[in-house]
Amino acid sequence: MLTTVYETLAWTSPSGEVLPRLATGWTISQDRRTYTFHLRQGVRFHNGADFTAEDVVYSVTRAFTGGSPVVRQRTRNLRGVTAADDYTVVFELREPSNAFLFDVADPTGTGFASILTETAPAHGEVPVGTGPFRFVSHVPGSELVLEPNPDYWDPSALPGYELLRVHIIEDEGDRVATLEAGEVGLIRTDTTEVAALLAGNPLLEVVGTPAWTIWLHAARTGSTADGAVVRAAWLSLDRQRLADLAFAGEAAPWSTSHPLLAYGRGPDELPGYQRDVEAAAQLLAEAGYEHGISLELPYPVQDRYPDGFFEVLVAGWADAGITVEPVPVDRVTWLARLVTADYDLTVTRHGWYANPYRYLLPRPGWQAPPEEVLPELVPALADLATASDEDRPDAFRRVQLLEAEHGYPFTGVVYVNSHYVYRTDLIEDADPTGSVTGDRRDLYLSLVEAGSVSPPSE
């Protein structure tokens, strides 16, 4: 719903570009505290209401006054939003920021970016947006039905089919069965093993795209308060073995950026990302852990990590004298421990971040504050927040380098392909690679029914 029915003022490509959508352009004041957006004219909501600056003010105000804690966290730096005229919106920030533009341009709508209309306030029941799809119906836990919006402001983007029916099938086995029976045309798999099995079916097309990133975190309290322990843990990570064995070759070692981010440094360019077990063991010995150290790694049991993932992790650490015990817990318990830094190590799995800064920014409460464990990071992050468009790539890479050199409390491990599988007798063409942005509309807009494309004329 967030990416097909609703729209944002702008959107962010995986390469780090912020591109227009409901806004045609914007200007940023020299002090990076004032963002002025110029809105697209002639856009209508699905109920026929005109899209104006007042809708942006309504949507943003609603988000930061009544939104969830995650939403309100994103708006902490927002002082206010006003409509200068019908097609101009001005955002005033408390502190200078470059990251704000990426929050506005989050294509998943997470945060305060989705634009709604006060003329259709039943947002959770009958969603009304400006997007390329209109809401038809929804049966919770079962089905969502959408239709292309014939009044969409960019008719060239619309697909050729008349109805999009999304079946909600939680179990992967059931999902595969419905695909094989021809009851659905396209599915997303949960595991690389299933994707590999389906790749052998001549009736199916399997497309993989780097959509998931696996992260490891150290609390820097308790057993991991000593930075040497964390640096040793990161140095002894066997990223390549994880990619090859745990993810059956459908993953690759990575760092603190998405692999498609044009200006991010990959693991080969950052210190501490190349495995060095001897150096890790020496760090531990010099820190007084010549006989090794034991750590606990809680993780949510509901997360789907492949068979062998934790075995490879534990074996790699054991080579350096670090004994790690993975402890599966329910998600509520794990989340409570995560946000209060009540853990030694833990693991998280993330989709692509529209805001590339989120790969670098400290998570308040998740770990000890950066001013305690890495004071140099504080001014480097401030430089990143105020850097010009031209200087942003260098500022981003400086933060990456600083965190890698000092074994900052979180580290990228691997990026993992997500797989979409479609029946070639039902779907002529599909481009799931766009889904890496979290902008699922690109996937749905790309679908072409089999037989709907006329053969080229002679």
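## A salt bridge between D342 and R337

The side chains of D342 and R337 form a salt bridge, with 3.7 Å from N to O. A salt bridge here is a side-chain nitrogen of Lys or Arg within 4 Å of a carboxyl oxygen of Asp or Glu. D342 is partly exposed at 43% relative accessible area, while R337 is buried at 18%. Buried stands for under 20% relative accessible area, exposed for over 50%, and partly exposed for what lies in between (1.4 Å probe, protein chains only).

Before we go on, please keep in mind that this is a predicted model, where local features need pLDDT of at least 70, side-chain atom pairs count only at pLDDT 80 or more, and totals for chains, interfaces and linings use all residues. Residues are numbered from 1 along each chain as its sequence is written, and side-chain values use heavy atoms, leaving out hydrogens and water.

How many salt bridges does a search of the whole structure find? The search finds 13. One of them joins the side chains of E7 and R441, at 2.9 Å from N to O. This pair links distant parts of the chain, 434 residues apart: E7 sits in the segment before β1 (10–12), and R441 belongs to helix α14 (residues 441–446). Helices (H or I, at least four residues) and strands (E, at least two) are DSSP runs, numbered from the N terminus. E7 is buried, at 1% relative accessibility, and R441 is buried too, at 5%.

Another salt bridge brings together the side chains of E147 and R134, at 2.8 Å from N to O. E147 lies in strand β8 (residues 143–148) and R134 in strand β7 (residues 133–139), so this pair ties together parts that are 13 residues apart in sequence. E147 is partly exposed at 25%, and R134 is partly exposed at 23%.

## Two helices side by side

Now look at helix α12 (residues 377–386) and helix α13 (residues 392–405), whose axes come within 9 Å and cross at roughly 160 degrees. Axes are lines fitted to C-alpha atoms, for helices over the stretch in contact, and angles run from 0 to 180 degrees between N-to-C directions. The two helices, α12 and α13, are therefore roughly antiparallel to each other.  Angles over 145 degrees count as roughly antiparallel, under 35 as roughly parallel, 65 to 115 as roughly perpendicular and the rest as oblique.

Which residues meet where α12 and α13 touch? From α12 come L377, A380, L381, D383 and L384, and from α13 come R392, A395, F396, V399, L402 and E403. Contact means heavy atoms within 4.5 Å. The residues of this contact divide into eight nonpolar, no polar and three charged. Ala, Val, Leu, Ile, Met, Phe, Trp, Tyr, Cys and Pro count as nonpolar, Asp, Glu, Lys and Arg as charged, and the others, Gly among them, as polar.

Is Y273 buried or exposed? Y273 is buried, with a relative accessible area of 10%. Y273 is placed in the loop between β12 (251–253) and α8 (277–286). Apart from neighbours within four places in sequence, Y273 is in contact with R239, W254, S255, T256, P267, A404, T411 and G412.

P202 is exposed, with a relative accessible area of 78%, and is found in the loop between α5 (192–198) and β11 (204–218).
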